[in-house]
Amino acid sequence: MLCYRFRLYPTKTQEKDLAATLDVCRTFYNGLLDERKVGYENSHTVTKTEQLRRVKELKSARPEAASIHSHVLQVVAADLDKAFQNFFRRVKSGETLGYPRYKGRDQFDSFGLKELGNGFKIDGRRLKVSGIGRVAVRWHREIVGTIKTVRITRRAGKWYACLACECEAETLPRTGEVVGIDVGISHLLATSDGEFVENPRWYRAGQKDLRRVQRSVARKKTGGSNRRKTVLQLQRHHERVKNRRQDFLNKVAHRLISRYDLIALEDLRIKNMVRNHHLSKSIMDAGWNYLTQKLEDKAVSAGRLVEFVPAAYTSKTCSRCGAIFENLTLSDRWVDCACGLSLDRDHNAAVNILCRSRLGQSRWVSTQGTGLSVAQEAVGL
Ligand SMILES: [Zn+2]
């Protein structure tokens, strides 16, 4: 499944209808959540099937809901069910609980349709959505595969259609190259080949602007229209930073995936690291979580291998002789070893990460014996 996001250009009337649809969905969502809560208090578990029946009731009870496609409302019930499933999963695994919440006016920003040709279709150059009409779309890229579902989303005052498509995975030809990757504070990442990708600092650079807009929001009267306008400005600002960051990381991931058969990464507990205040902003900046997720996703469809290895002592170990640098601190950017190794700290760590992967280890062993090709066979590359 691939998701394509296209910008929509609704007319004034269409925009009003889209917003009205969101509002009906939101109150429906809150109503269903209420039903579940009351059910729970009376020790009766309300199921998704039960709640899907509420769609018909809602449509006959509220005139503004009558014109909304039933699939839209069914998706709302499914979304709430998903929120509960996630909640139960978190309870089981002992994470922070986060009971599904009632959605305020600014917190509900999408609705979905689940069948092409039933509720939505591509009509010439436009996207025809039931109850909304033919909406102008900027088709900035070609769609590969079969369109299955759509989700209409509002973000920072702009509208988008996310088309989920089913398509054949396209396996890339083998390159015979493998890599270990270390995430740094001074660089975004360092590879075992000695390449460095610098950390983009837009987020920090944009902070000054951000603070200015935030102060401006704080000065506005709550509930006033000026405040709403400034909040929108703030959302756009965040949106832009996010777009730039993701665009950059997508390109980094694409480059790595096209070049290497196997990518070894540190198994970092991001959640723990972010709590460390000295490191946090840089890590958030780098969007390491986003990048690993992207690498994993792309690896699956491209037939590549992403392997996570234990992170302990990757910086403090000599990648040539295995000696430990006990006195290495965060500020030491270069490592020198008695065995003659002299390398950038992060480069050395990246080599260690590669060595800890399955291929790295078999290569390590096999350098005296059978050679790399056998090792590659061993992990199915
Ligand atoms: Zn050494």
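This report walks through a predicted model of one protein, from its confidence values to its helices, strands and cores.

## Getting oriented

Residues are numbered from 1 along each chain, following the sequence as written. Because this is a predicted model, local features need pLDDT of at least 70 and side-chain atom pairs count only at pLDDT 80 or more, while totals for chains, interfaces and linings use all residues.

The mean pLDDT (the predictor's confidence in each residue, from 0 to 100) is 85, and 88% of the residues reach 70 or more. Over residues 363–381 the pLDDT is below 50, and this stretch has 19 contacts in the model beyond near neighbours in sequence. A contact here means that the C-beta atoms of two residues, placed from the backbone, lie within 7 Å. Where pLDDT is low, the predicted coordinates should not be read in detail.

Helices and strands are DSSP runs numbered from the N terminus: helices are H or I with at least four residues, strands are E with at least two. Just after helix 5, Gly 94 takes a positive phi of about 75 degrees.

Which residues of helix 5 are buried? They are His 71, Val 72, Leu 73, Val 75, Val 76, Ala 77 and Leu 80. A residue is buried if 20 or more other C-beta atoms, placed from the backbone, lie within 10 Å of its own, exposed if 12 or fewer, and partly exposed in between. The cover over these buried residues includes helix 1 (12–41), helix 2 (48–52), helix 3 (54–61) and strand 2 (110–113).

## Two nonpolar cores

A nonpolar core is a set of buried Ala, Val, Leu, Ile, Met, Phe, Trp, Tyr and Cys residues joined through C-beta atoms within 7 Å. The largest one has 30 residues, of which Cys 25, Phe 28, Tyr 29, Val 72, Leu 73 and Val 76 touch the most other members. Two or more residues each come from helix 1, helix 3, helix 5, strand 2, strand 4 (126–129), strand 6 (146–155) and strand 7 (158–166). Helix 1 gives the largest share, eight residues.

Val 76 is in contact with Cys 25, Phe 28 and Tyr 29, leaving aside its neighbours within four places in sequence. Apart from this core lies another, of 28 residues, among them Ala 253, Val 309, Ala 350 and Val 351.

## Antiparallel pairs

Two strands pair if DSSP finds at least two bridges between them. Strand 1 (residues 2–9) runs antiparallel to strand 7, joined by seven bridges, and Phe 6 stands opposite Ala 161 in strand 7. Strand 1 also has three bridges to strand 5 (residues 133–138), again antiparallel, with Arg 138 as the bridge partner of Arg 7.

Now for two hairpins. Strand 6 and strand 7 are antiparallel, with nine bridges, and Arg 155 stands opposite Lys 158. Two residues lie between these strands, and Ala 156 takes a positive phi near 50 degrees. Strand 4 and strand 5 pair in the antiparallel sense over four bridges; three residues lie between them, and Gly 131 in the turn has a positive phi of about 85 degrees.

Five strands form an open sheet with mixed pairing, in the order 10-9-8-11-12. Strand 10 (196–198) and strand 12 (305–309) stand at the edges with a single partner strand each, so one side of each is left without a neighbour in the sheet. From one strand to the next, the twist averages 20 degrees.

Within this sheet, strand 8 (residues 178–183) and strand 11 (residues 262–266) run parallel and share four bridges, with Ile 181 opposite Leu 265. Helix 10 (residues 288–302) lies across strand 8, strand 11 and strand 12, at about 140 degrees to strand 12. Angles run from 0 to 180 degrees between N-to-C directions, and axes are lines fitted to C-alpha atoms, for helices over the stretch in contact.

## Two loop residues

Ser 43 sits in the loop between helix 1 and helix 2, and its phi is near 45 degrees, a positive value in a residue other than glycine. Ser 43 counts as exposed, with 6 C-beta neighbours inside 10 Å.

Tyr 313, in the loop between strand 12 and strand 13 (334–336), has a positive phi near 65 degrees. With 13 C-beta neighbours inside 10 Å, Tyr 313 counts as partly exposed.
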